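Here are my notes on the model you sent. They are set out as numbered points, to be read with the structure open.

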Amino acid sequence: FYLFPNISKLGIKCEKAADLLLDRGKVVTVPGTAFGTNGQGYLRLSLASSMDNLKMGMERTKAVLEGL
């Protein structure tokens, strides 16, 4: 139902990554720190959507991350 990927190799805090994905890609994520300090370096992604929406979200996420 949820993914909690480690994004620490991006070199930015999870809050910044979540903001970038929302602003640049229109992809909503939740910073891992919303679940406690040990969540730094993680994002929470929901899989509760259609396959088409999930594919579109992943394509947008890829485009944003490639631009870093």
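**Notes on the predicted model**

1. Start with F4. Its relative accessible area is 40%, so F4 is partly exposed. Keep in mind throughout that this is a predicted model. F4 sits in the loop between β1 and α1. Its ring pairs with that of F35: the centres are 6.0 Å apart and the planes stand at 75°, so the geometry is edge-to-face. F35 belongs to the loop between β2 and β3, 31 residues away, and the pair thus links distant parts of the chain. F35 is partly exposed as well, at 46% relative accessibility.

2. The aromatic count comes to 3 pairs. One of them joins F1 and Y2, with ring centres 4.8 Å apart and planes at 85°, so this pair is edge-to-face. F1 is exposed, at 64% relative accessible area. Y2 counts as partly exposed, at 44%. Elsewhere, F4, F35 and Y42 make up one aromatic cluster.

3. Now the sheet. It is open, has 3 strands in the order β1-β3-β2, and its pairing is antiparallel. β1 (2-3) and β2 (30-31) are the edge strands; each has a single partner, so one side of each lacks a neighbour in the sheet. In general, strands of a sheet pair through backbone hydrogen bonds, either parallel or antiparallel. Here β1 and β3 (residues 43-46) pair in the antiparallel sense over 2 bridges. In that pairing, L3 stands opposite L45 of β3.

4. What packs on the sheet, and which strands does it touch? Helix α1 (residues 14-25) does, touching β2 and β3. The direction of α1 makes about 40° with that of β3.

5. Is L43 buried or exposed? L43 lies in strand β3. Its relative accessibility is 4%; the cut-off for buried is under 20%, so L43 counts as buried. Setting aside residues up to four places away in sequence, L43 touches L3, F4, P5, I7, C14, A17, A18, L21, T29, V30, P31 and G32. Note that F4 from point 1 is among these contacts.

6. T29 deserves a look alongside L43. The two are 14 residues apart in sequence, and their C-alpha atoms are 6.4 Å apart in space. T29 is in the loop between α1 and β2. Despite its loop position, T29 is buried, with a relative accessible area of 10%. Beyond four places in sequence, its contacts are A18, L21, L43, R44 and L45.

7. How do the two helices α1 and α2 cross? The axes of α1 and α2 (residues 51-66) come within 10 Å and cross at roughly 110°. That makes α1 roughly perpendicular to α2. On the α1 side, L20, L21, R24 and G25 take part; they meet R60, T61 and V64 of α2. The residues of this contact divide into 3 nonpolar, 2 polar and 2 charged. L21 also touches L43 and T29.

8. L54 is another residue to check in helix α2. L54 has a relative accessible area of 22% and is partly exposed; the cut-off for buried is under 20%. Outside four places in sequence, L54 is in contact with S46, L47 and S49.

9. Please check the backbone at K26. K26 is not a glycine, yet its phi is positive, at about 60°. Most residues other than glycine have a negative phi. K26 lies in the loop between α1 and β2. With 58% relative accessibility, K26 counts as exposed. T29 lies in the loop between α1 and β2 too, but T29 is buried.

10. Last, A34. A34 is in the loop between β2 and β3. At 55% relative accessibility, A34 counts as exposed. A34 and R24 are 10 residues apart in sequence, with 21 Å between their C-alpha atoms. R24 is one of the α1 residues in the contact with α2.

How values were computed:
Residues are numbered from 1 along each chain as its sequence is written. This is a predicted model: local features need pLDDT of at least 70, side-chain atom pairs count only at pLDDT 80 or more; totals for chains, interfaces and linings use all residues. Side-chain values use heavy atoms; hydrogens and water are left out. Two strands pair if DSSP finds at least two bridges between them. Helices (H or I, at least four residues) and strands (E, at least two) are DSSP runs, numbered from the N terminus. Contact means heavy atoms within 4.5 Å. Axes are lines fitted to C-alpha atoms, for helices over the stretch in contact, and angles run from 0 to 180 degrees between N-to-C directions. Buried means under 20% relative accessible area, exposed over 50%, partly exposed in between (1.4 Å probe, protein chains only). Angles under 35 degrees count as roughly parallel, over 145 as roughly antiparallel, 65 to 115 as roughly perpendicular and the rest as oblique. Ala, Val, Leu, Ile, Met, Phe, Trp, Tyr, Cys and Pro count as nonpolar, Asp, Glu, Lys and Arg as charged, and the others, Gly among them, as polar. Rings of Phe, Tyr and Trp (its six-membered ring) pair if their centres lie within 6.5 Å; planes under 30 degrees apart count as stacked, over 60 as edge-to-face and the rest as tilted.
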